[in-house]
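Hi everyone, thanks for coming. I'd like to walk you through one protein model today, so please have a look at it with me before we start.

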Amino acid sequence: MENPNWRFCVAPMMDWTDSVCRRFHRLLSRRARLYTEMVHANAVLHGDRDRLLGFDPVEHPLALQLGGSDPGVLAQAARIAAERGYDEINLNVGCPSDRVQSGTFGACLMAEPERVAECVAAMRAEVDVPVTVKHRIGIDHQDSDADLRAFVERVAQAGCRQFIVHARKAWLQGLSPKDNREKPPLDYGRVYRLKQEFPELTVVLNGGLNDVSAARAHLDRVDGVMFGRHAYHQPTSLMAVDALYFGEGGIPELDEVIADLLHLTAALQAEGVPMARLVRHILGLFHGRPGARQWRRTLTEGVQRQDAGPALIERAAAACLQTA
Ligand SMILES: Cc1cc2nc3c(=O)[nH]c(=O)nc-3n(C[C@H](O)[C@H](O)[C@H](O)COP(=O)(O)O)c2cc1C
């Protein structure tokens with residue numbers, strides 16, 4: 001039976017999808033599945049766990065993305081995360097950066113399905129929540145349908161039931177991480193075919209999606225979609241998600257969202273979170289609407305002040321809502 005939990009996801013994005021960002025995104029959609037930035041499993045074991053793993057309950061449904069390739073370390077990290085209440089543990093098999101390659105994790109693991117299977121099995125033995133994998137359609141010259149099928153088949157045997165597929169291969173040599181998100185061409189057909197071959201698995205399509213309404217058509221071929229950059233830069237697009245993807249309620253008005261944002265701002269201020277940590281994520285809120293530039297300018301100038309708080313957001317928004 002179709003599992004609706006992955007129907008609409010917001011991608012893990014390093015430096016972007018931190019807890020503050022996710023709390024903001026949650027104002028725009030109650031149902032979208034949110035992903036953390038990637039956290040290395042070693043950091044979970046040895047680092048500041050409150051900082052790395054802390055989240056607010058409103059962020060559910062929430063997945064932690066782990067990086068790593070040592071089954072034992074990943075299993076311990078997964079257990080610690082599950083005890084904190086994450087709804088899913090996702091393994092990063094898609095990130096192509098050099099730093100990641102030297103540590104043998106991320107996209108280069110696509111060449112080692114056996115190892116990924118061991119990691120998944122070890123994590124599953126420790127947690128009850130789903131252990132999922134986010135990967136590419138291929139790497140370097142290992143990018144045929146047969147290669148992809150072999151990878152998914154082996155990892156599924158280890159108990160992974162949900163695969164998030166970034167629909168472009170990664171070039172591990174010679175392309176920067178940024179280029180690897182733009183240069184290799186997107187191929188949604190590969191992801192559709194994967195779902196056809198494994199109808200019992202949940203397959204989520206990711207890469208290049210930039211229209212929440214149009215992307216719904218992919219649900220005829222796969223189980224879900226994952227939005228990254230578009231959701232971040234044009235967050236109001238998330239306002240339609242609950243209605244379009246989950247048949248829930250209407251689309252909220254922007255002034256309702258602003259009212260919720262003021263509450264969030266006050267809550268963050270009470271928690272001692274500097275305003276700048278929120279402002280960077282909300283700069284795109286008026287994207288494409290009258291007053292967008294003024295919104296950004298008012299916020300970026302005002303946030304420098306020591307006493308910046310809800311009044312700043314209120315002032316910036318009032319000017320834009322009047323212009324609209
Ligand atoms: C700033 C940035 C950071 C990213 N960090 C991660 C990450 O930590 N883990 C991961 O699996 N993918 C990461 N990605 C890739 C995204 O999750 C996504 O797969 C990619 O951006 C393609 O989707 P999009 O075209 O909708 O943005 C990152 C992307 C961006 C733009």
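Let's begin with Phe286, which sits in the loop between helix H13 (276-282) and helix H14 (292-302). Helices here are DSSP runs of H or I with at least four residues, strands are runs of E with at least two, and both are numbered from the N terminus. Two housekeeping points. Residues are numbered from 1 along each chain as its sequence is written. The model is predicted, so local features need pLDDT of at least 70 and side-chain atom pairs count only at pLDDT 80 or more, while totals for chains, interfaces and linings use all residues.

The cut-offs are 20 or more other C-beta atoms within 10 Å for buried, 12 or fewer for exposed, and partly exposed in between, with C-beta atoms placed from the backbone. Setting aside neighbours within four places in sequence, Phe286 is in contact with Gly291, Ala292, Trp295 and Cys320. Contact means that the C-beta atoms of two residues, placed from the backbone, lie within 7 Å.

Now the domains. The assignment gives domain 1 (4-246) and domain 2 (254-323); such bounds come from an automatic or database domain assignment. Taken over C-alpha atoms, the domain centres are separated by 30 Å. Across the boundary, 11 residues of domain 1 are in contact with 14 residues of domain 2. On the domain 1 side, helix H1 (residues 19-28) gives the largest share, 6 residues.

How far apart are the end C-alpha atoms of helix H6 (residues 113-126)? They are 20 Å apart, which agrees with the 20 Å that its 14 residues should span at 1.5 Å a residue. That expected span is 1.5 Å times one less than the number of residues. Val116, Ala117, Cys119, Val120 and Met123 are buried in H6. Viewed down the axis of H6, these buried residues fall within an arc of 160 degrees, so they line one face of the helix. The arc is that of the directions from the helix axis to the C-beta atoms. Here is the general idea: an α-helix has 3.6 residues a turn, so residues three or four places apart point the same way. The cover over the buried residues of H6 includes helix H4 (71-83), strand S4 (88-93), strand S5 (131-136) and helix H7 (145-157).

Let's turn to H7 itself. Its buried residues are Leu148, Phe151, Val152 and Val155. They cover an arc of only 90 degrees around the axis, which puts them on the same side of H7. On the other side of H7, Ala146 and Gln157 are exposed. Just after H7, Gly159 takes a positive phi of about 110 degrees.

A few backbone details, too. A cis peptide bond joins His60 and Pro61, with omega about -10 degrees. Asp15 is not a glycine, yet its phi is positive, near 70 degrees. With 8 other C-beta atoms within 10 Å, Asp15 is exposed. Asp140, in the loop between S5 and H7, also has a positive phi, of about 45 degrees.

Last, the ligand. Which residues come nearest to it? Of the 22 residues around the ligand, they are Ala11, Met14, Met38, Gly228 and Arg229. A residue counts as near if its C-beta atom, placed from the backbone, lies within 6 Å.
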